[in-house]
Amino acid sequence: MNMEISTRSTISNSLAAAAVATPVTGCKGSENCRCFYNVALHQFHHIEFPQGLQGKRYRGSTMGWLCIVDKTPGISLLNPLTKTEIPLPPATSFPDVLAYRSEKTRGEYLLRMADGSEESISKNFFLKKYLKRVVVSAEPTSQECIVMAIRWNTEDNRLAFCRPAEIEAGWKLVAHEEENGIPPHKIGFVDVVFWRGRFYALDWGGRIMVCDFSANPHHPTLSFFLEFHSNRDGYRYADNQYLVVCPAVVTGDDDDQLVMVSRFTKWVDFDESDDDGNSDDDCPQGNSSRTYWAEKFKVFKMKKDAIGWNEFNSFGEFALFLGFSSSATFVPTKVHPGLVPNSIYFTDDIIDSYRGQMHGGHDMGVYNLATKEVMPLYSTTTLHNIPLMISPLPLWFSPSNVIGS
């Protein structure tokens, strides 16, 4: 059997963590080779990517597709198993991106900031920060597919959307209006999911807004859906929050529900002056005094009829995958015996962590909801120490989000 077909089949039969932006030494001698780690089978796999992807950034995965941002304004979706690539509108079509200046020494983007001023930011900073989440409503090959993104602009994290079938229309921002007493500038989104035919977005204040295209496919409405009240401390002091669609087979309900996950990080000071030179060139070099690791997670399930939240302490025979990806995924551990049941598999998603040898990408592990302990993701992972930087951030890649696949 062809080795690449065999690898594709193995990865397709389980979830894989993909550190896809760094070439793999010794992989057919090709700069287009990327490494995938199958967490169920505890195996590494090398996959040859299409030509011309060197130096591009991977901004998450959704429904088996990777979102790729070029050093120039290009954006696309790539299926790494079939090698199908679908172009999306370029970054310069976002309303607040005024220009891309390739003539500058390191390249830069000119942005209109949230306060109306104009500011130039480096190409690398733009690639690292501008797109926080990218989610699709359907297979990108479908004419009905909508791509929803959270785009960063200082403290203004807005929703933006495009349609792969209408690439010439570019990216459009979802209009903000004051809703439920919340002024537009107080809404900054941290996560977004597609659920029951609509997009639901979580903001940093614990509010969920719903983005609906049913009335007008080109001008969606954004309205208040639900606010997190049941345990504010479980949200306010978390370092990261995630919005997840939880299948009924996991919750035990009659239908799937929204789940909110809070991630709490422990920060530790170190006296460390070494620098391995691998930091992003838009981050300051030199001494670094802090490292971090995920200490615990809290999970909250939306009540029926969307009337509030209850703490949710067990996934049963399922594992949840979270991190620097666009779609969290539940996987049945009975189908994939190598996975730990009732657990959260997580990768590092602190984008601003590249400052010296100890920072960036290393915070990966498995959190057991029953024992409340963190275990290494694989044997070489270093926990609670000064780990080497992993650049860029690893992300989860799942060929299928169907429960039981």
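This is a predicted model: local features need pLDDT of at least 70, side-chain atom pairs count only at pLDDT 80 or more; totals for chains, interfaces and linings use all residues.
Trainee: How many helices and strands does the secondary structure of the protein come to?
Mentor: The protein has 405 residues, and buried residues make up 55% of them. Among contacts between residues at least 6 apart in sequence, 56% join residues at least 24 apart. The secondary structure of this chain comes to 4 helices and 28 strands.

Trainee: Which element of the protein has the highest mean pLDDT?
Mentor: The mean pLDDT of the protein is 78, with 74% of residues at 70 or more. Among the elements, helix α1 (residues 3-12) has the lowest mean, 40. The highest mean, 95, belongs to strand β13 (residues 158-162).

Trainee: Over residues 1-26, how many contacts does the model have beyond near neighbours in sequence?
Mentor: The pLDDT is below 50 over residues 274-286, a stretch with 30 contacts beyond near neighbours in sequence. Over residues 1-26 the pLDDT is also below 50. For residues 1-26, the contacts beyond near neighbours in sequence come to 76.

Trainee: Which strands stand at the edges of the open sheet of 4 strands?
Mentor: The sheet has antiparallel pairing and the order β4-β5-β6-β7. Its neighbouring strands are turned by 25° against each other on average, direction ignored. Strands that pair on one side only are the edge strands, here β4 (57-62) and β7 (84-88).

Trainee: Which residue of β5 is the bridge partner of Tyr58?
Mentor: Strands β4 and β5 pair in the antiparallel sense over 4 bridges. Their hairpin has 2 residues between the strands, and Met63 takes a positive phi near 50° in it. Tyr58 has as its bridge partner in β5 the residue Ile68.

Trainee: Which residue of β6 stands opposite Cys67?
Mentor: A hairpin of 5 residues joins β5 to β6. The two strands, residues 65-69 and residues 75-79, run antiparallel and are joined by 4 bridges. Ile68 has Ser76 as its bridge partner in β6, while the residue opposite Cys67 is Leu77.

Trainee: Are the faces of β5 covered or uncovered?
Mentor: Of the 5 residues in β5, 5 are buried. Trp65, Cys67 and Val69 lie on one side, and Leu66 and Ile68 lie on the other. With these residues all buried, both faces of β5 are covered.

Trainee: Which residues touch the most other members of the largest nonpolar core?
Mentor: This core holds 27 residues. At least two residues each come from β5, β6, β7, β9 (108-112), α2 (123-129), β11 (131-136), β12 (147-151) and β13. A second, separate core has 19 residues, including Val250, Val261, Phe315 and Leu322. In the largest core, the members touching the most others are Ile75, Phe94, Leu111, Phe126, Leu131, Val147 and Trp171.

Trainee: Which residues does Val147 touch, not counting residues up to four places away in sequence?
Mentor: Val147 is one of the residues that touch the most other members of the largest core. Not counting residues up to four places away in sequence, Val147 touches Leu77, Leu88, Val134, Val135, Val136, Ala160, Phe161, Cys162, Pro164 and Trp171.

Trainee: Which residue of β9 stands opposite Tyr100?
Mentor: Strands β8 and β9 run antiparallel and are joined by 4 bridges. Opposite Tyr100, β9 places Tyr109.

Trainee: Why does Lys83 count as partly exposed?
Mentor: Lys83 is placed in the loop between β6 and β7. Its phi is near 65°, a positive value in a residue other than glycine. Lys83 counts as partly exposed because its relative accessibility is 30%.

Trainee: At what relative accessibility does Arg196 count as partly exposed?
Mentor: Arg196 is placed in the loop between β15 (189-195) and β16 (198-203). Although Arg196 is not a glycine, it has a positive phi of about 55°. Arg196 counts as partly exposed at a relative accessibility of 48%.

Terms used. Residues are numbered from 1 along each chain as its sequence is written. Side-chain values use heavy atoms; hydrogens and water are left out. Two strands pair if DSSP finds at least two bridges between them. Axes are lines fitted to C-alpha atoms, for helices over the stretch in contact, and angles run from 0 to 180 degrees between N-to-C directions. pLDDT is the predictor's confidence in each residue, from 0 to 100. Contact means heavy atoms within 4.5 Å. A nonpolar core is a set of buried Ala, Val, Leu, Ile, Met, Phe, Trp, Tyr and Cys residues joined through side-chain atoms within 4.5 Å. Buried means under 20% relative accessible area, exposed over 50%, partly exposed in between (1.4 Å probe, protein chains only).
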